[in-house]
Amino acid sequence: MISETMVELSRWQFAATSLYHFLFVPLTLGLSWLLVVMEICYVRSGNAVYRDMVKFWGKIFGINFALGVATGITLEFEFGTNWSNYSHYVGDIFGAPLAFEGLMAFFLESTFIGLFFTGWNRFSKKGHLVVTILTALGSNLSAMWILIANAWMQYPEFSQFSPEHMRMEMTDWWGLVFSPVAQVKFIHTLCAGYCVGGMFVIGVSAWYMLKNRCIDFAKRSMTIGITFTLCALGAGGLTGDKAGLEITAHQPAKLAAMEAEYETQKAPASWAVVAIPDEEKMERRFSIDVPWLFGLLATHSIDKQVPGLLEIVQKNEQRVKNGAVALAALNKIRNGSADETDRAAFEDNRKDLGYGMLLKRYAQNPEQPTESEVKAAARGSVPSVWISFYSFRTMIGLMGLIGLLAAGAAFFLWYTKDLIKRTWYLKILVPAIALPYIASEAGWLLAEVGRQPWAIQDILPTFEATSTLSTSDVALSLGLFVAIYTVLLVIMVYLMVRTVKKGPELTPDPRKIIRAGETNAI
């Protein structure tokens, strides 16, 4: 019997390492294309300040890239150490995108990042621009393959369970790659990274303006940062809307949880701005609602209903019963005692096998559960409301509302040429660097917690995905990972702060260089 404590500690360990890792990834994604934009400006104009910008922001990119690699490698090892059952059960599908990420994207990125730093005197201006573009492309392709794998966990199509091998097997590679969930997840995550990169450039540039340092450098960086951030926010809003439609279609329980929607409302449903969910009674204690908004956002219609958690749990009771039949038939197939009736029963109910596996947590005999055990399993098949509800509002509140207002106001003041004079607003832009970071972390919490209790949505329960480890081993490794990753985070912050305080190495303006024997600048 697998310890519940060990399962929870394994979840905490993977969550902690993922959240630490994702502190480094968004800035790397965002800065990669900002460097491309800056270097295009340099190639087209010949103005050396743009080259100085590429070199300076490239240092920040390099720091994040190095620490992102160090924290990301650990995550892949954890699939084998803490989640070996998961690796066996879905490795035929999940492993393929990760292999492509390593063989194609990571090698591309890591090769050209070296040329990016060492190639300034070895390549022409256009040649170095190509290197920078390939570095950015590698960074984004790396994210693409990882997000394709993660999207399959949310939308596990293009595969089929094999009772002979006791694992999921791929049936459509191109369907997996071009899954609508994967593509919208990829673009939406990139937009989040672009917002992080853009706001970082805006905030640091504002700091230089406040210190009256590197003003020309700061102004040009600010201009590019503001434009880039506003474009990313617009694209992020569009892809976020599309992502919501995909969740409506494929993960109704996640949708209901992130909206604390217990009762199925008459269409179009109202949207809760804030609410106090009661997880035990499955009801809201309090909420402030906006009429119609939830229905319009979730379905883009005024007549389609959005099912609440109570309705979903009730429907899942039948899926649990079907899963018990599939599990009983599977066990007979595995021990060689199955007849044609058993095989037919398995085929009829194979899509609900995961719900039969979920019964292992609630039933003494998962093949013949009692009615109360079926109800308990169905109740346990939906995610936590508190975390899903407030992580979603944190994400859209910080980035969709406050971040948009901050970047929009910066654009207005920049356009009217008043930004550098508004020291009070520059002081706001510096801490605003944190907004997209927090929003990105909240988005990942929503994506992963909203899928629970499933490692693979409706296919593999999380408690069935773990390795057979002792609780003390997992607790020890969790403590070590948190300690080491905290040290790495401190190192990153220290290196970035030191780099920013030192400032860019600016190319001297030849018009201000004093020639030998002259006393005045030209």
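Thr-462 counts as buried because its relative accessibility is 6%, with buried meaning under 20% relative accessible area, exposed over 50% and partly exposed in between (1.4 Å probe, protein chains only). The model here is predicted, so local features need pLDDT of at least 70 and side-chain atom pairs count only at pLDDT 80 or more, while totals for chains, interfaces and linings use all residues. Residues are numbered from 1 along each chain as its sequence is written, and side-chain values use heavy atoms, leaving out hydrogens and water.

As for its setting, Thr-462 sits in the loop between strand 6 (460–461) and helix 17 (471–502); helices (H or I, at least four residues) and strands (E, at least two) are DSSP runs, numbered from the N terminus. Leaving aside residues up to four places away in sequence, Thr-462 touches Arg-11, Trp-83, Gln-452, Pro-453, Trp-454 and Ala-455, where contact means heavy atoms within 4.5 Å. The Thr-462 side chain also reaches the backbone nitrogen of Ala-455, at 3.2 Å.

On to helix 17: its 32 residues reach 46 Å from first C-alpha to last, close to the 46 Å expected at 1.5 Å a residue (the expected span being 1.5 Å times one less than the number of residues). Buried residues in helix 17 include Val-474, Leu-478, Tyr-485 and Leu-488. Among the elements covering the buried residues of this helix are helix 1 (4–45), helix 2 (48–81) and helix 6 (180–210).

Ile-484 also lies in helix 17, but counts as partly exposed because its relative accessibility is 47%.

Notes
Polar contact = N/O pair within 3.5 Å; in protein donor to acceptor, adjacent residues only side chain to side chain.
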